[in-house]
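Dear colleague,

Please read them with the structure open beside you.

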Amino acid sequence: MLYIVATPIWNLEDITLRAINTLKEVDLIACEDTRTSSVLLNHYWIKKPLLSFHSHSWVTKIDKIMDYLQNWKKVALISDAGTPGISDPGYILIKEAILQNIEVVPIPWVTAFTTALMWSGMQMNHFLYLWFLPIKKGRQTLFKILLERRESKLSETIVIYESVHRILKTLTELWEYFWTDHNIVVARELTKKFEEFLRWSISEILLYFEENPSKLKWEFVILF
Ligand code: SAM
């Protein structure tokens with residue numbers, strides 16, 4: 001049995017009882033970074049064998065995990081933060097388990113983008129989650145496609161993830177492509193003590209970061 005277990009995006013209390021009980025029951029926990037996952041597991045007194053399964057190692061690890069599963073062992077897949085598979089190779093393991101007729105059980109909870117959507121006050125029934133924007137190839141084409149969707153009056157909220165390294169570049173390009181006077185939402189340090197939500201126009205947000213460079217840290221979700 002393969003359990004796909006959502007874990008907190010930061011605040012260790014954001015985890016379900018079912019997730020904790022499942023992690024206590026399995027034979028193996030496949031995680032991205034064993035050190036990161038150990039913080040959560042130690043907090044809940046969970047002692048289980050860990051196997052790192054991340055974007056650099058999944059090819060060599062997938063057979064080992066499938067061996068466990070084929071031998072009727074229980075395996076939990078967790079990511080460094082949030083829902084496994086969103087921004088990590090988890091879906092490759094899920095796909096392989098399905099191919100090999102292994103039962104897959106989702107233990108759901110938090111993702112960064114649903115957390116940001118909850119605060120945003122923006123359209124939540126229709127949203128387009130795009131993960132990270134392409135860094136180079138396809139970036140401008142994607143902006144043009146999004147602009148066309150907007151001009152066709154689609155009312156969906158567009159949700160993207162962004163790192164501290166590219167947040168200013170991305171906001172500046174959004175400002176160039178999209179209207180400037182409408183408010184967008186930028187969320188950072190979600191579920192942390194200094195969680196911050198900004199709901200201003202892009203130019204106001206850029207100005208805020210220019211005047212408060214110390215806020216340019218951690219990770220971001222942008223909704224527009
Ligand atoms: N699996 C995660 C999820 O379920 O949302 C996504 C992990 S992805 C590798 C990392 C990106 O998610 C970050 O660059 C950021 O855009 C977003 N993110 C994750 N945790 C966040 C947080 N606490 N605050 C703001 N953004 C966060």
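**What was found**

Tryptophan 72 is exposed, with a relative accessible area of 79%, where buried means under 20% relative accessible area, exposed means over 50%, and partly exposed is in between, all with a 1.4 Å probe and the protein chains only. Please keep in mind that this is a predicted model, in which local features need pLDDT of at least 70 and side-chain atom pairs count only at pLDDT 80 or more, while totals for chains, interfaces and linings use all residues. Residues are numbered from 1 along each chain as its sequence is written, and side-chain values use heavy atoms, with hydrogens and water left out.

Tryptophan 72 is placed in the loop between helix H3 (58-70) and strand E4 (75-77); helices (H or I, at least four residues) and strands (E, at least two) are DSSP runs, numbered from the N terminus. Tryptophan 72 also has a positive phi of about 65°, although it is not a glycine. Most residues other than glycine have a negative phi. Tryptophan 131, which lies in strand E6 (residues 127-132), likewise has a positive phi, near 65°, and is partly exposed, with a relative accessible area of 43%.

Serine 155, in the loop between helix H6 (139-151) and E7, is partly exposed as well, at a relative accessible area of 48%. The C-alpha atoms of serine 155 and tryptophan 72 are 47 Å from each other, and the two residues are 83 residues apart along the chain.

For the chain as a whole, there are eight helices and 10 strands, and 46% of the 224 residues count as buried. Its C-alpha atoms fill a box of roughly 60 × 35 × 30 Å, taken along the principal axes.

Turning to the ligand, 17 residues surround it, and the closest are Ala81, Thr83, Ala112, Tyr161 and Phe220; a residue counts as near if one of its heavy atoms lies within 4 Å. Which polar contacts (pairs of N or O atoms within 3.5 Å) does the ligand make? A nitrogen atom of the ligand is 2.7 Å from a polar backbone atom of alanine 81, an oxygen atom of the ligand is 2.6 Å from an N or O atom in the side chain of tyrosine 161, and an oxygen atom of the ligand is 3.2 Å from a polar backbone atom of glutamate 162. The elements that give two or more residues to the shell around the ligand are strand E7 (157-162) and strand E10 (220-223).

Note on methods:
A polar contact is a pair of N or O atoms within 3.5 Å; within protein, one must be able to donate a hydrogen and the other to accept it, and residues adjacent in sequence count only if both atoms are side-chain atoms.
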